[in-house]
Amino acid sequence: MASSFFERKKREDEIKREGRLPPGQSLTLKFPVLQYGPIPDFDPSTWTFEVWGEVEKPFKLTWDEFSQLPRTKRVLDIHCVTSWSKFDTEWEGVSVRDLVDSGVIQLKPSAKYVIQHAEFGFTANLPLSVVMADNFLMATHYDGQPLPPEHGAPLRGVVGAIKDRSDLMVPYFWKGAKWLRGLQFTAVDRRGFWEQAGYHNEGDVWKEERYG
Ligand SMILES: Nc1nc2c(c(=O)[nH]1)N[C@H]1C(S)=C(S)[C@@H](COP(=O)(O)O)O[C@H]1N2
Ligand SMILES: [Mo]
């Protein structure tokens, strides 16, 4: 529709002026759905979340237990490698840094990378420094509502930019695994699903690191 066309363009121009539109990206007001493969069912009675690898005590939580972890909110600009960007998206969930700070996750000094493990064997790799930063969250809610199945219910990794935080490394949105089931901390980096398929290993949106 003409009105939404102009609305989109006007908003994109504002964002561009604020220096928040990375090279080669365009603003969308929609929320596209992208993944390889089907959308899994969520059964709270069998769902588990596992933490293992370079940690002092590996553990596994049920959905009930995960739901009791401390929660926090983040507002992120998300940038998909296919060129859409969505601004000021609101997420709520569990911060990995909070879990480390509170001793729920006890990292070994050898922990340098994190692999998100999702349903159907999907993986995404990031440096520990990015997963521990303010712009990474394990989200259960989007825009005030529990995640819909197609966006990763009940839990997904999200990573994006925070307005006026040029100190943060900002990877493309594929580095957030939908239907997240665990975190593996590793000493050496290991490419995830899309990284093995040809995407860039770091995926810095400001450097336009799309393909490896
Ligand atoms: N489990 C899983 N998570 C995934 C993917 C996938 O294929 N499987 N694709 C990634 C990609 S390429 C993108 S752009 C985002 C899309 O998230 P959305 O569908 O909520 O927009 O999910 C990411 N997380
Ligand atoms: Mo993507």
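1. Starting with the ligand: a polar side-chain atom of His151 sits 2.6 Å from an oxygen atom of ligand 1. That is a polar contact, meaning a pair of N or O atoms within 3.5 Å. Keep in mind that this is a predicted model, where local features need pLDDT of at least 70, side-chain atom pairs count only at pLDDT 80 or more, and totals for chains, interfaces and linings use all residues. Residues are numbered from 1 along each chain as its sequence is written, chains are lettered from A and ligands numbered from 1 in the order written, and side-chain values use heavy atoms, leaving out hydrogens and water.

2. A backbone N or O atom of Leu34 is 2.8 Å from an oxygen atom of ligand 1, and a polar backbone atom of Gly176 is 2.8 Å from a nitrogen atom of the ligand. The protein covers 98% of the 530 Å² of accessible area that ligand 1 has on its own (Shrake-Rupley method, 1.4 Å probe).

3. Who is around the ligand? There are 19 residues around ligand 1, and Pro32, Tyr36, His151, Arg156 and Lys178 come nearest (near means a heavy atom within 4 Å). The shell splits into 14 nonpolar, 3 polar and 2 charged residues; in this scheme Ala, Val, Leu, Ile, Met, Phe, Trp, Tyr, Cys and Pro are nonpolar, Asp, Glu, Lys and Arg charged, and the others, Gly among them, polar.

4. Ligand 1 takes up the space of the largest pocket (more than half of its atoms lie within 2 Å of the grid points). A pocket here is an open set of points on a 1 Å grid over the protein atoms alone, where a 1.4 Å probe fits, with protein on both sides within 12 Å along at least five of seven lines; lining residues have an atom within 4 Å of a point. The volume is about 450 Å³, taken as the space filled by probe spheres set on the points. Of its 28 lining residues, Leu34, Gln35, Tyr36, Phe122 and Trp194 lie nearest the centre.

5. The second largest pocket has a volume of about 210 Å³. Its lining has 14 residues, with Ile162, Asp164, Arg165, Ser166 and Trp206 closest to the centre, and divides into 5 nonpolar, 3 polar and 6 charged.

6. One backbone item: the Ala153 to Pro154 peptide bond is cis, with omega near 5 degrees.

Technical notes
A polar contact is a pair of N or O atoms within 3.5 Å; within protein, one must be able to donate a hydrogen and the other to accept it, and residues adjacent in sequence count only if both atoms are side-chain atoms.
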